[in-house]
Amino acid sequence: MQLAAFRIVQEALTNALKHAGPRTTVDLSLVADSCQVHIVVHDSGPPDDEPAPAANRSERRSNSRLRFAR
């Protein structure tokens, strides 16, 4: 479960950089107990003075949910 949580956070940060650009601000929250992990990642998007990178002009936000069973 730890490796999966790490990979999810890694992918979320990579996506924020790719789709919102290097000047975005990312807020990350991770709460875990013995049965579940709750990860919330939110980015501020590209700054107002620059367009979104071409890779993400059509979709600005993505939400994903993943459940782990023990």
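This is a predicted model: local features need pLDDT of at least 70, side-chain atom pairs count only at pLDDT 80 or more; totals for chains, interfaces and linings use all residues.
## Secondary structure and model basis

Helices (H or I, at least four residues) and strands (E, at least two) are DSSP runs, numbered from the N terminus.

Residues are numbered from 1 along each chain as its sequence is written, and side-chain values use heavy atoms, with hydrogens and water left out.

## Confidence

The average pLDDT (the predictor's confidence in each residue, from 0 to 100) is 78 for the protein, and 70% of the residues score at least 70. Over residues 57-62 pLDDT stays under 50; the model has eight contacts beyond four places in sequence for this stretch. A contact means heavy atoms within 4.5 Å.

## Burial and overall contacts

Of the 70 residues in the protein, 20% are buried; buried means under 20% relative accessible area, exposed over 50%, and partly exposed in between (1.4 Å probe, protein chains only). The protein exposes about 5700 Å², of which carbon and sulfur atoms supply 51%. Accessible areas come from the Shrake-Rupley method with a 1.4 Å probe, and for residues only the protein chains shown count as cover.

Among contacts with a separation of 6 or more, 46% involve residues 24 or more positions apart.

Thr-24 lies in the loop between α1 (2-20) and β1 (26-32). Thr-24 counts as buried because its relative accessible area is 15%. Its side chain forms a polar contact of 3.1 Å with the side chain of Ser-44; such a contact is a pair of N or O atoms within 3.5 Å, where, within protein, one must be able to donate a hydrogen and the other to accept it, and residues adjacent in sequence count only if both atoms are side-chain atoms. Apart from neighbours within four places in sequence, Thr-24 is in contact with Ala-16, Asp-43, Ser-44 and Gly-45.

Pro-47 is located in the segment after β2 and, at 17% relative accessibility, is also buried. The C-alpha atoms of Pro-47 and Gly-21 are 8.5 Å apart in space, although 26 residues separate the two in sequence.

## Val-41

Val-41 belongs to strand β2 (residues 37-43). Its relative accessibility is 32%, so Val-41 counts as partly exposed.
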